[in-house]
Every structure is written in structure tokens, then in C-alpha cells.
Amino acid sequence: GSATSMAVGYAKVNWDLSGELALGIFSAMDAGSLFLMHFTDNIWACYAGYLVFKACYMLLITIATFQIAVNLSMERYALMFGFNNFVALVIQTILTVVVVDSKGLGLNISTQFLIYGSYFTFIAGIFLIRSIYTMISLNCR
């Protein structure tokens, strides 16, 4: 994960144009690795899926943070990232209570991979649709 995050700094990519596309692709890869862990009983495939998930997730967070930071002034960094971390913690807590906790659905591990894979598929769809819209609107200009 840290190696992929470091690679972002050295990549010569126009993040304004292809940032959302990269977010969509890495979200789709996260979804694929979670679905792999759901549909297989092979422990080594699950370990490989976890490694792919973690590396892509760290890269995803790095790109998203970079995309946000580019458009902020220095004075707003703490406010924005503090708010983002708070919202992320609230969403994670709600998801955990609904999916894992016995007061919620209390799903088993395999089904949780399916739920989280579906979540990342939805996120990937949003990013990919937005990036296609951005590319089409730039080409029409």
C-alpha cells in the first residue's frame, strides 16, 4: 500500500483529466478483489485478494486526498480533512452496525465480502460515469 502511494508522486499523469477515471478503476479493482474473497474457498486466493485490495485502497485514498488538496487553500486543509475523516468514520460505523453487529444484520464473513464488494462496485460506477462525462465534455469543447 505504501509503495503504491509513493508511486503516485512520481507518476506523470494529468490528475485533473484522469483522476476520477483512476478512482473508478481502483474502486473496481477493490470490488473485484472483495468478490474474489467472497466466491472462493481457497485461502491463498483470499490472501492475494486482500493484498490487491489493500494496495488499491491505499492508492485510492492517496489519489482522492490529492484531488481534494489540489483545490484547497492552505488554510482549509485541516478543516476539510478533519471533516472528511469524521464523515468516513460515521459511514464506517453505520456500515459496521448494519452489516456486522448482531443488532443489525449480523452477516457472516463471506456475505460481508459480498456487501462491501457491491459497495465498491457502486462507488466505481459513480466515478467511471463522472470520468466519462468529463472526457466527453472536454472533447466536445
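**Exercise 1. Which helices each supply at least two residues of the lining of the second largest pocket?**

Before you start, note that this is a predicted model, where local features need pLDDT of at least 70, side-chain atom pairs count only at pLDDT 80 or more, and totals for chains, interfaces and linings use all residues. Residues are numbered from 1 along each chain as its sequence is written, and side-chain values use heavy atoms, with hydrogens and water left out.

*Solution.* 
- Step 1: A pocket is an open set of points on a 1 Å grid over the protein atoms alone, with protein on both sides within 12 Å along at least five of seven lines, and its lining residues have an atom within 4 Å of a point. Helices are DSSP runs (H or I, at least four residues), numbered from the N terminus.
- Step 2: read off the lining. Among its residues are Trp-15, Leu-23, Gln-67, Val-70, Phe-127 and Arg-130.
- Step 3: α2, α3 and α5 each give at least two residues, and α2 has the largest share, with 6.
- Step 4: sort by class. The lining holds 5 nonpolar, 4 polar and 3 charged residues, around a volume of about 190 Å³.

**Exercise 2. Describe the lining of the largest pocket by element and by class.**

*Solution.* 
- Step 1: start with the space, which is about 1,200 Å³.
- Step 2: look at the lining of 28 residues; Tyr-57, Ile-61, Ala-88, Ile-91 and Tyr-119 lie nearest the centre.
- Step 3: name the elements. Two or more residues come from each of α2 (15–39), α3, α4 and α5 (109–140), and α4 gives the most, with 11 residues.

**Exercise 3. Find the helix that gives the largest share of the nonpolar surface patch.**

*Solution.* 
- Step 1: recall that patch residues have over 30% relative accessible area and no salt bridge, with nonpolar side chains joined within 5 Å.
- Step 2: list members of this patch of about 800 Å², including Phe-83, Ile-94, Leu-105 and Tyr-119.
- Step 3: Helix α4 (residues 77–99) supplies 7 residues, and Ile-94 sits in α4.

**Exercise 4. Is Met-58 buried, partly exposed or exposed?**

*Solution.* 
- Step 1: locate Met-58 in helix α3 (residues 43–70).
- Step 2: take its relative accessible area, 30%, which makes Met-58 partly exposed; buried means under 20%, exposed over 50%, and partly exposed in between (1.4 Å probe, protein chains only).
- Step 3: Met-58 and Phe-26 are 32 residues apart in sequence, and their C-alpha atoms are 9.7 Å apart.

Conventions. Patches are made of residues with over 30% relative accessible area and no salt bridge: like charges are joined within 9 Å, nonpolar side chains (Val, Leu, Ile, Met, Phe, Trp, Tyr) within 5 Å. Accessible areas come from the Shrake-Rupley method with a 1.4 Å probe; for residues, only the protein chains shown count as cover. A salt bridge is a side-chain nitrogen of Lys or Arg within 4 Å of a carboxyl oxygen of Asp or Glu. On a 1 Å grid over the protein atoms alone, a cavity is a set of points where a 1.4 Å probe fits but cannot get out, and a pocket is an open set with protein on both sides within 12 Å along at least five of seven lines; lining residues have an atom within 4 Å of a point. Grid points are joined across faces, edges and corners, and a volume is the space filled by probe spheres set on the points. Ala, Val, Leu, Ile, Met, Phe, Trp, Tyr, Cys and Pro count as nonpolar, Asp, Glu, Lys and Arg as charged, and the others, Gly among them, as polar.
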